[in-house]
Amino acid sequence: MTDTMSPLSPTTSQNDVTVDVAELGEVLLGRWADVRLKARALAGLPELHKTEGLSHTEHRKRVFEQLGILVEKEGVHRAFPTRLGGSDDHGGNVAGFEELVLADPSLQIKGGVQWGLFGSAVLHLGNQEHQDKWLPGIMNLEIPGSFAMTEIGHGSDVASIATTATYDAQSQEFIINTPFQAAWKEYIGNAAVDGLAAVVFAQLITRGVNHGVHAFYVDLRDPETKEFLPGIQGLDDNIKGGLNGIDNGRLAFDHVRIPRTNLLNRYGDVAVDGSYSSPIASPGRRFFTMLGTLVQGRVSLDGAAVAASKVALKIAIQYATERRQFNAASDTEEVVLLDYQRHQRRLLPLLATTYAAAFAHEELLVKFDDVFSGRHDTDEDRQDLETLAAALKSLSTWHALETLQECREACGGAGFMVENRFTSLRADLDVYATFEGDNTVLLQLVAKRLLADYSKEFRNLDFGVLARFVADQAADLTINKTGLRQVAQFVADTGSAQKSAKALKDEDTQRAMLSDRVQAMVADVAGALKEAAKLPKAKGAEVFNNNQHDLIEAARAHAELLQWEAFTTALGRITDPGTKRVMTRLRDLFGLSLIEKHLSWYLMNGRISMMRARTLSPYINRILSKLRPHALDLVDAFGYGPEHLRATIATGIERERQDEARDYFRKLRASSDGPIDEKVLIQQAKSASKK
């Protein structure tokens, strides 16, 4: 399906390729296509849709009732053990959950709290006895629960939380305590109203030794009265900037006693006598292993952010192919918005990035399933998964916010109306950049992994290898800093813009430029931090802080490269020639837009010649004009129907209005009843005066 071209549109002869929307849609659906389609059918049910204008108390009640519908429709149990009614399908579970953002982000997140955090903590941190005892009630919603990790005083710094769980050997109980106000658990979903229990993260203390953060199952409320149990306090966070269907709140514990067996003890246990044992000797490794089992929250946020971006772009591009504004190319016909180059610049690079993020998410989901199914579950696999999830979640959630805002503005006043989804989705997704790990903090974790991998390359190397590396680095500096690389590019291009453009669209050139940037940035930061470990702690921290921005930018560059690589890999799964050609252009748009975005870095570091730099923007504009006729096909391939979009301006109403207006003015011009334009009279008078 293609839209009607207006006077500024490229001709068919310039764009004689077509897109197989069905095949492209199948590629996007990925490994868990059946699960996604079932989840989309579920998300399309009116009873699961967000009702705009509800008070936060009404919205909360509606969303809790919707959780019951998810249980009834068997849409939320895929990750749980088969012996308890699940299907041990971890990848499919996340693939299904993330589609719920189409219905209501509050529903997706509240479901994620109940089954993806609270339930998963019991599943992955507890033993079989814990699972058999609590999971059935968690699965069928008899035990609504909370995931009480974050504290007011420490946020993303989980290792430093202050809540304590002190073992009392005499009573064989743990005493959960909030020692001061900054240790209150905050922003906890299901805490304000619905939660009957919580998995509480606290510092485990036994025999006077703090063994670090562990997870404990704690009952919060009386199931009959819904009142807090003795020693437990709670406050309602009330109205938030978005996601008001979730009852976020604060929790505090005043020496609350729980049985010793309520410790979720997969990675650390306390015997009756108070002795501590763990299969992981290192406290640091144990901590990160426990948190790593809960990585699916980041994975699902990555996918949900991509889905929200798809919805926004489908609505905005549909509108942009129908809305007409100004008659720049004709005296009588107004121009379709998407035919303006600036409008293409606003939306099509975002579309390219969304495709890249979607393909990268599929690779993340496969990696997640491999680890949690046990097929590939080594320490290295888990570290790779955590790094990949942190990198992609950061980029996709930021991208979703940018996309929703740009699409809102690109649709003018219509985009500001709640009925067209942008403002509501933007508000709900705002906090995606913060929870399950603040994006900036997550990128810092990614950067540390990059530095660790970089240092491993030079561990235990002989002198000859190290010498060659130093020589290579020196040669690289010579080439880049003295401009020899630019000279080489200029000679290769021989001053021709056409040859510069040909080089830029080359896959190997793009890969080299994106990967070279990552390697150079990591090497620069590694060099700056080389001596920090040998310095006193305060001085070392100062050195690290002075390089923190560059560290995070290196991680961002790495994540962008991962998305580009995923897009390039996905091209190999497309068989239709026309579709592949269009998608290759879209990949090129993504890659070259990244280079344009960071052009100052490439120029300052001698990675690109001035000729190629000048060619970049005009070449991107050429790609945009070639992609323009396929814009609707590319968003139609997302596979969302009216029940998912639920935006008035995406229903075809704008085309009807524009067609009605065009017909009206055509008839008026053809009749003798229409008024004469004053400009025509002025022109006639001027012509008469010259005679």
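Which residues lie nearest the centre of the largest cavity? The model is a predicted one, in which local features need pLDDT of at least 70 and side-chain atom pairs count only at pLDDT 80 or more, while totals for chains, interfaces and linings use all residues. Residues are numbered from 1 along each chain as its sequence is written, and side-chain values use heavy atoms, with hydrogens and water left out.

A search of the whole structure finds three cavities of 30 Å³ or more, a cavity being a set of points, on a 1 Å grid over the protein atoms alone, where a 1.4 Å probe fits but cannot get out. The largest cavity has a volume of about 110 Å³, volume being the space filled by probe spheres set on the points, which are joined across faces, edges and corners.

Of the 13 residues that line the largest cavity, Arg36, Glu98, Val306, Lys310 and His361 lie nearest its centre, where lining residues are those with an atom within 4 Å of a point. Two or more lining residues come from each of the helices H2 (33-43), H4 (90-99), H8 (296-320) and H9 (341-373), helices being DSSP runs (H or I, at least four residues) numbered from the N terminus. H8 gives the largest share, four residues. By class, this lining has five nonpolar, two polar and six charged residues, with Asp, Glu, Lys and Arg counted as charged, Ala, Val, Leu, Ile, Met, Phe, Trp, Tyr, Cys and Pro as nonpolar, and the others, Gly among them, as polar.

The second largest cavity, with a volume of about 40 Å³, has a lining that includes Lys50, Glu52, Arg421 and Arg646. Its largest share, three residues, comes from helix H12 (residues 422-429).

Methods
1 Å grid on protein atoms, 1.4 Å probe; cavity = no way out; pocket = protein on both sides within 12 Å on 5 of 7 lines; lining within 4 Å.
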